Amino acid sequence: DWTMNAYREEAIEKIRATVGDSHVICGLSGGVDSSVAAALIHEAVGDQLTCVFVDHGLLRKNEAEEVVTMFRDNMNLKVIYADERELFLGELEGQSDPETKRKIIGRLFIDVFQKYANQIEGAKFLAQGTLYPDVIESVSFSGGPSVTIKSHHNVGGLPEKMGLKLVEPLRELFKDEVRVLGRELGLPPSFIGRHPFPGPGLAIRCPGEITRAKLDILREADAVYIDQIRKHGLYDEIWQAFVAILPVRTVGVMGDGRTYDFACALRAVTSVDGMTADYYPFSHDFLGETATRIINEVPGINRVTYDITSKPPGTIEWE
Ligand code: XMP
């Protein structure tokens with residue numbers, strides 16, 4: 001892609017000019033955005049980049065291992081695995097308000113980065129995979145008063161005390177452009193094609209209070225759902241698909257017994273840039289088969305619903 005190649009060259013020059021011989025740290029989330037940002041910066045400044053992969057305990061099944069392996073082994077990036085599960089889950093305990101949850105996660109991310117940045121000699125820059133829609137959506141509706149819909153923790157000025165400057169080489173790009181750039185940079189197609197995953201992770205797919213037990217159930221249900229979508233060849237037709245575990249238990253009957261377990265909601269949407277979205281029209285056969293699999297394979301869930309809300313008026317995530 002000629003245009004993207006030009007963009008890439010220009011971005012690399014800009015990164016080099018900005019960074020000089022300082023060190024950059026990059027928060028790797030496993031999402032496409034931060035992955036492409038890391039690959040681009042790595043191409044620009046090589047070993048002056050150290051990635052920090054924070055495990056906040058809100059990742060999907062096997063995610064931490066897959067991401068760390070892929071960047072360390074396949075791409076030769078310096079990656080620090082930061083196991084901060086106890087810190088995040090501890091601070092989130094008892095919190096049920098969506099914005100409070102986001103703010104706690106955002107604050108801890110900054111604390112954790114500061115901790116790792118302090119250990120890296122000459123670290124002066126923090127790289128982030130902020131995209132254009134993140135920038136505009138978290139600022140305001142044009143024409144109206146400034147209204148924040150959701151405070152994305154990975155957008156906005158970092159506290160002065162952190163002493164790091166931001167490098168955001170994807171700020172002008174939309175998601176589809178980021179994927180093209182990622183391919184140019186040699187990231188594996190399977191990685192580029194991954195659905196977006198939000199910084200606060202499973203926290204915003206677990207409406208209300210987060211517990212470790214609920215997160216474990218959610219991880220299993222989500223893995224079955226994504227497996228179903230892949231098996232039916234639908235993964236690439238969908239912008240984003242995930243399970244949300246609902247803060248309600250319902251009565252069911254399995255075998256000879258009564259169950260009283262969590263209900264979950266399946267979400268799948270099509271979208272161009274995440275700013276508007278339509279729910280995906282799965283066949284009834286697909287939905288029925290998936291519900292049966294989740295209930296049979298995931299202890300703790302006895303009811304499956306499908307979310308048919310588009311955006312607007314809904315948002316893609318449940319919080
Ligand atoms: P919503 O739920 O606002 O999501 O319709 C739009 C897109 O943004 C992702 N998202 C987030 N990403 N931090 C992120 O990095 C966040 O706090 C956040 N909230 C939503 C969401 O997954 C979707 O792709």
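## Two buried residues

A residue is called buried when its relative accessible area is under 20%, exposed when over 50%, and partly exposed in between, using a 1.4 Å probe and protein chains only. This is a predicted model, in which local features need pLDDT of at least 70, side-chain atom pairs count only at pLDDT 80 or more, and totals for chains, interfaces and linings use all residues. Residues are numbered from 1 along each chain as its sequence is written, and side-chain values use heavy atoms, with hydrogens and water left out.

Start with Ser35, found in helix H2 (residues 32-45); helices are DSSP runs of H or I with at least four residues, strands are runs of E with at least two, and both are numbered from the N terminus. Ser35 has a relative accessible area of 1%, so it is buried. Beyond residues up to four places away in sequence, Ser35 touches Leu28, Gly30, Phe71, Leu187 and Phe191, where contact means heavy atoms within 4.5 Å.

Now find Asp55 in strand S2 (residues 49-55). Asp55 is buried too, with a relative accessible area of 6%. Setting aside neighbours within four places in sequence, its contacts include Ala64, Tyr81 and Arg85.

## Who lines the largest pocket?

The lining of the largest pocket has 17 residues, and Arg60, Lys61, Glu66, Ile226 and Arg230 lie nearest its centre. On a 1 Å grid over the protein atoms alone, a pocket is an open set of points where a 1.4 Å probe fits, with protein on both sides within 12 Å along at least five of seven lines; lining residues have an atom within 4 Å of a point. H9 gives the largest share of this lining, six residues.
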